Number of protein chains: 2
Amino acid sequence: MASVLPASNTSMRSDRNTYVGKSFVHVKNPYLDSMDEDVLYHLDLGTKTHNLPEMFGDVKFVCVGGSPNRMKAFALFMHKELRLTDSEEDIKDICAGTDRYCMYKIGPVLSISHGMGIPSISIMLHELIKLLYHARCSDVTIIRIGTSGGIGIAPGSVVITDEAVDSFFKPRFEQVILDNIVTRSTELDKELAEEIFNCSKEISNFPTLIGHTMCTYDFYEGQGRLDGALCSFSREKGLDYLKRAYNAGIRNIEMESTVFAAMCRLCGLKDTTVSKDEFLVQEDQPLEGQPPRTQTKTPCI
Amino acid sequence: MASVLPASNTSMRSDRNTYVGKSFVHVKNPYLDSMDEDVLYHLDLGTKTHNLPEMFGDVKFVCVGGSPNRMKAFALFMHKELRLTDSEEDIKDICAGTDRYCMYKIGPVLSISHGMGIPSISIMLHELIKLLYHARCSDVTIIRIGTSGGIGIAPGSVVITDEAVDSFFKPRFEQVILDNIVTRSTELDKELAEEIFNCSKEISNFPTLIGHTMCTYDFYEGQGRLDGALCSFSREKGLDYLKRAYNAGIRNIEMESTVFAAMCRLCGLKDTTVSKDEFLVQEDQPLEGQPPRTQTKTPCI
């Protein structure tokens, strides 16, 4: 799939944003275009070593999730759904030269893993956005299809996020830039959320809803769990926090959505997250008048 | 290696901390001992499904690093160094049932991957500390042997961390617990750092030093890089930040050390980080009077 580019690839950038009606993926970095080469280190790709427009120019959908195995399973699922003529064996990990992330391309769909947590997805998103920019991609929709823990919803529910919020229930992502804190918006594409919600009505076995998603930096102490190596709050205080989250419109908790929303929005990607309730441990802690938090093991895709 | 435990495993906890002179790995969670079962979800291990004391009771050293491939390579290296009688083929990923982390045991040494960033290593550490606690391990030394970007040091240098600091050069880790921020100490074991530094004198081809390590949440905007998808600061401002970091005693930047230091210290592990300069991209930005930041591709182990 990869092919070597001529020494200079600056020509590929000349006609960006000239097609009327197309929304190109863009970067917000004045230094990038003057670089002789851009190495996407953690993806094992680069502008001099790979013909990115040829490899990725037709990408219209990007689906990201934490687990490499699941993103491979999703790629195989998409291959079946799209009824592509090439063999399943041709679906190879494009980032096989590194073990940081894995990436599969199935027609116009990219399936990429991002590991766990804001820093891990953030490195991947920086390099993915540059990849889509160098490849001159337009009108790209990106969807996070990870797992999450539900709050006060039926076990195994799928939550489509309308707004990502932080641990303080605020719709913001605080990005540390050098030693300054810059606050970025975490609004997601509401139209896309509605569109996916409408699709869900055709599938009977997935209870689906639209709600706020809380994004934390920590899985144990940050999400009210009582079974980490460290736990300094009482059962009651943890439950009170989850109740307040529920009352603020939060329906699930995960660890990537705020930076995902912030970065994709800044760079012209139509974005949403679709998370399936998976982890939840405190079955003895029902939210008053709501279904308990429960644990399911169903994969998210 | 794994074996099924009887239904109750509470008996294994009775004699904790009773041996004089031994320092047992401990948890700080009053709820843990009353749980009937502890599932270490992201490690694919548990107290009812595995005999943790039998599997891990002899562990004395834990080495952790971001990349799964490197931690496997380190396991094979240790196998050779320790001249163990079992075959190399017996070194299997203990966490093969999950793709979140990988883990290898070589005699008294555990080698575990932790992914990238504070949230990812934090999940692993919660479950690793619980594993060592359930296995009744004592006098355990833990070393992070990851990669990092050097500041004002010779390319490829190894930095042994005496203190982990955050983006504001402060020796602290701010843990969000529910919606409270708790500040934790990030001091590392200075005796261990000196001990490793003394060992390094016997190896001629690794320039090694002791210094502060800065831990950021972001690889691009957080570390002064000019080649991310987003970059809102000037070249000069980025360089000024790195100079100020150097003047504060910081010799390298990575993305895990503050939470590593904070959690290990709280739970009775003797800890340090040993990072090899690997990433550095801005070769045109030397620190005045200091060697430039450079990029090397040498693996960290």
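This is a predicted model: local features need pLDDT of at least 70, side-chain atom pairs count only at pLDDT 80 or more; totals for chains, interfaces and linings use all residues.
View 1. Residues are numbered from 1 along each chain as its sequence is written, chains are lettered from A in the order in which they are written, and side-chain values use heavy atoms, with hydrogens and water left out. Between chain B and chain A about 6,000 Å² is buried, with carbon and sulfur atoms giving 59% of that area. Of the area that chain B buries against chain A, 14% is supplied by Tyr31(B), Met116(B) and Leu178(B), more than by any other three residues.

**View 2. Residues in contact.** With contact meaning heavy atoms within 4.5 Å, chain B contributes 69 residues and chain A contributes 69 residues.

View 3. Where a salt bridge is a side-chain nitrogen of Lys or Arg within 4 Å of a carboxyl oxygen of Asp or Glu, 4 salt bridges are found between chain B and chain A. Arg184(B) forms a salt bridge with Glu221(A), and their closest N and O atoms are 2.6 Å apart.

**View 4. The annotated domain of chain A.** An unreviewed UniProt entry lists residues 60-270 of chain A as "domain: Nucleoside phosphorylase", an annotation that may be inferred rather than shown by experiment. Over residues 60-270, chain A is 31% helix and 27% strand, where helices (H or I, at least four residues) and strands (E, at least two) are DSSP runs.

Notes
Buried area is the accessible area (1.4 Å probe) that two parts lose on being put together, summed over both.
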